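Let's take a look at how side chains meet in this protein.

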Amino acid sequence: MSRFFATGSDSESEESSSADEITPKAPGATFKQSLLLSDDEEDTKRVVRSAKDKRFEELTNLIKTIRNAMKIRDMSKCLEEFEQLCRAFLKSKNIVDKEGIPPFYIRLLADLEDYLNQLWEDKEGKKKMNKNNAKALSTLRQKIRKYNRDFEAEIVAYKENPHESADEEEEKEPEDSGASSESEGEADGVSAKSFLKKKPEAPSEASKFLKTAKGSGDESSSSDDEDDDDEDWGSDPEGSDSESSDDGEGKSSSLAVVFLKKTQEPEKSSVKKEVKKKKIKKRERIEEEAEEEPGEGDEGKWEKVKGGVPLVKEKPKMFAKGTEINTAVVVKKLNEILQARGKKGTDRAAQIELLHALAAISAENNLGQGILVKIKFNIIASLYDYNPNLAAFMKPDMWKKCLECIDELLDILFENSNIFIGENIAEDSENLGVSDQPFRVRGCVLTLVERMDEEFTKIMQNTDPHSQEYVDNLKDEGRVCGIIDRLLTYLENKGSTEEICRVYLRRIMHTYYKFDYKAHRRSLGLQGETKSEQDQEESEGEDSAVIMDRLCKFIYAKDRTDRIRTCAILCHIYHHALHSRWYQARDLMLMSHLQDNIQHADPPVQILYNRTMVQLGICAFRQGMIKDAHNALLDIQSSGRAKELLGQGLLMRNMQERNAEQEKIEKRRQVPFHMHINLELLECVYLVSAMLLEIPYMAAHEFDARRRMISKQFHHQLRVGERQPLLGPPESMREHVVAASKAMKMGDWRTCHSFIINEKMNSKVWDLFPEAQRVREMLVRKIQEESLRTYLFTYSSVYDSISMETLSEMFELEMPTVHSIISKMIINEELMASLDQPTQTVVMHRTEPTSLQNMALQLAEKLGSLVENNERVFDLKQGVYGGYFNRDQKGGYQQKQSYQRDQKSSYQQKQSGYQRGGYRNQNQGNY
């Protein structure tokens, strides 16, 4: 029988239609209702359908294809069909403007977005996708989010009340059940709206296509789908007869049937809704019971599976009744539990609980401390394995359990001196039972403590440093240090030299960056304000400097590995520099020669070296060693990557320089926030040091064309300041330093002082130093001295002589200080002058060329370079392109140049001799 034309008899059509009805449908498949054709329709040769029906049929077919692709997770197909659907909807824009947006279209958009969001959140599912599907999922998710913005109000209305939207479709269907229902029935066997009706109480369409942990089997879900489809169809044979026999019974009868059908529908739908509500409640009750059931020992019951393919894993059962519990049985059970470790589908939390239960059983039966220590080792290892991802950090509850277990393990080891632990003990030679022989257990408690220390660092790295949670986590450092101290005491008695060096380094790493305020107060001769503080200071143990000295010297003497010794030296230098012991820190750095081969060290050691050099530079600045401070900070600050080199954050880079894997590795190297060095303080110290060195140098070599830059970064900041069109009062730290530099260049030390030391700079930088007032006094002194040098360099050509007393008053310096500064400048030939002791004056010799002479010399140099370039161009035109002849010519030309330079230098000597001899003598004679 053809799809559109009927050639057989009525009986044949009835038989075929009944056969279609009896055919069983697959679970979850969409039903197509075969509409019976009346006798009048068989005679018709042509079916006329409206444009609305054609467009809506095209949309429904595309929606059906999309839903089928959603069921099998074919994202490429979904993307292709969705693009076609958008184009088809655009074609039917005129009809949509008249009739309104069809509800089935809105429902698909809402369901598809929910479905894609669920797929996107399913990380495991995304990993299993092939490349094309994953790419299509990302593209489709972006497109659907962008596309749904135009239908935001309709989607929100649908999601708020999907029940009403389904009822609206049911109301609209009878109105369009004339020619459209006949034509669609013949064409596809089902109307668009009846196909897309949705059960309101059931979960969203998107969730049907996803595998979820909930649900009690495929059969129940398939039966629910059948019920949904039955409800969506909501039609009976009488209804179909009444719809198809319009011409036979007339208009009035068909309308009556339609209205009768509407009155009966609510009763049927209400009954079905009640049945479905009962089913949903029953399903929820079963799930709650399954959650409440204990995880151990339940046989023959449903097991809840966490997504993916359900893996049937039998949990290790505890001992049966009547079993004699001894060491061998417990060890066997322990091995049975550990066999599941690391396998797919193993419940790690349940494994930890089983090990705790096994430890309790062994303690109840007094099996000895040996087996208990072995179980504790495995409990701690299981806690570390709870997060298989290397980048993930331990959750707070697991972290607390880990600290408690390590404390309990150390308690057992301290209480029982007859327990020997070592990695070199084979499992066959272990002695776990109670006997005359000492217990021998395979394991390494130092490795557990080192891993605990690394986990603590990861917790601090992954916590927001500006939250209260970070402070709470930081309080655990006291417990971590306490555990390391206890282990240190234990290993000093029973450990090897290598193990002692390792645990000493762990203790050093928790000490080197902390400033010892109490030792600092004692060094200044200050005592506690109250009696309790004084008693506490007296009862406290040795200073951190003594501890560091003792631990580091042991490592220097006993360690055989370069890495531990290098780390210990760097930490020792850092600690010295932090407590202003400049000479000890500098000498230790120079004697170690670490700067020669540090580039071959691993990145964490290089970060520690950078931190040490920065702290060394800050220490030199506090001590007034400006040049040493600048040299120590030059490498870090000139790179422009101080933040990254100190391990305090990553700079934004493109993916070519650093891929995602390298970024993860670098994030794991970051230093926790409480160990950071203030980058603004660091930059300020560097810029002020550069200012104190660079400004006098610039004044001394103002007209020297070949002068070099001491600090490129400082010059960059000066250029930035000069380029500003409007100069207002300085705001940032850099602007303060630039403004101070300009004042110092003019010899105005008071203005320079006011820019460097003020309330804003104090709060940002100077108050962060331990001895802030002493640092400020040192800075004022340095500014006065360097301003004096700059003044003499700048204005020496103006003066014939100047009184040192005047200079002393101008710069508020003592006479001996002014005398020493000028003497050094004369000795170093920076200032061409002489001191007249009786009159306490500085007599200038006027050897410096005037500005006109300087410009003439610069012009001569530029003309010389121009002539040289002209000669080269001429040689190229003549066809001399190198070779022996050209080299000879070039050499001869260079000899001429050197001869000219000799002439030039001798000319300058003559000039200076002339000025020094005749002109100066004539002037003195005149005076």
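## Salt bridges across the chain

D476 counts as buried, since its relative accessibility is 8%. This is a predicted model, by the way. The partner of D476 is K400: their side chains meet in a salt bridge, 3.3 Å from N to O. K400 counts as partly exposed, at 35% relative accessibility. The two are 76 residues apart, with D476 in the loop between helix 23 (468–474) and helix 24 (477–494) and K400 in helix 21 (residues 396–415). A search of the whole structure turns up 38 salt bridges, so here are a couple of others worth a look, given that side chains of opposite charge can pair when their charged atoms come close.

D453 pairs with R506, and their closest N and O atoms are 3.0 Å apart. Because D453 sits in helix 22 (residues 445–461) and R506 in helix 25 (residues 497–509), this pair ties together parts 53 residues apart in sequence. D453 is buried at 5% relative accessible area, while R506 is partly exposed at 23%.

Then there's D602 with R563, a salt bridge at 3.0 Å, N to O. D602 is in the loop between helix 31 (594–597) and helix 32 (603–622), and R563 is in helix 29 (residues 562–578), 39 residues away. Both ends are partly exposed: D602 at 28% and R563 at 41%. Shared partners also join D407, D411, R479 and R486 into one salt-bridge network.

## Aromatic rings

The whole-structure search finds 18 aromatic pairs. One of them is F82 with Y147: the ring centres are 5.6 Å apart and the planes are at 85 degrees, so it's edge-to-face. F82 belongs to helix 4 (residues 75–91) and Y147 to helix 8 (residues 131–147), so the pair ties together parts 65 residues apart in sequence.

What about F515 and Y517? Their centres lie 4.7 Å apart with planes at 70 degrees, so that pair is edge-to-face too. F515 is buried at 18%, but Y517 counts as exposed at 57%. Back at F82 and Y147, ring pairs link them with F89, Y105 and F151 into a cluster.

## Charges over rings, and a surface patch

The charged end of R141 sits over the W120 ring, 4.4 Å from its centre. K395 lies over the face of F393, 5.5 Å from the ring centre.

On the surface, L859, L863 and L866 make up a nonpolar patch with about 300 Å² of accessible area together. L866 is in helix 44 (residues 851–878) and counts as exposed, at 54% relative accessibility.

Key
Residues are numbered from 1 along each chain as its sequence is written. This is a predicted model: local features need pLDDT of at least 70, side-chain atom pairs count only at pLDDT 80 or more; totals for chains, interfaces and linings use all residues. Side-chain values use heavy atoms; hydrogens and water are left out. Rings of Phe, Tyr and Trp (its six-membered ring) pair if their centres lie within 6.5 Å; planes under 30 degrees apart count as stacked, over 60 as edge-to-face and the rest as tilted. Helices (H or I, at least four residues) and strands (E, at least two) are DSSP runs, numbered from the N terminus. Buried means under 20% relative accessible area, exposed over 50%, partly exposed in between (1.4 Å probe, protein chains only). A charge sits over a ring if NZ of Lys or CZ of Arg is within 6 Å of the ring centre and within 35 degrees of the ring normal. Patches are made of residues with over 30% relative accessible area and no salt bridge: like charges are joined within 9 Å, nonpolar side chains (Val, Leu, Ile, Met, Phe, Trp, Tyr) within 5 Å. Accessible areas come from the Shrake-Rupley method with a 1.4 Å probe; for residues, only the protein chains shown count as cover. A salt bridge is a side-chain nitrogen of Lys or Arg within 4 Å of a carboxyl oxygen of Asp or Glu.
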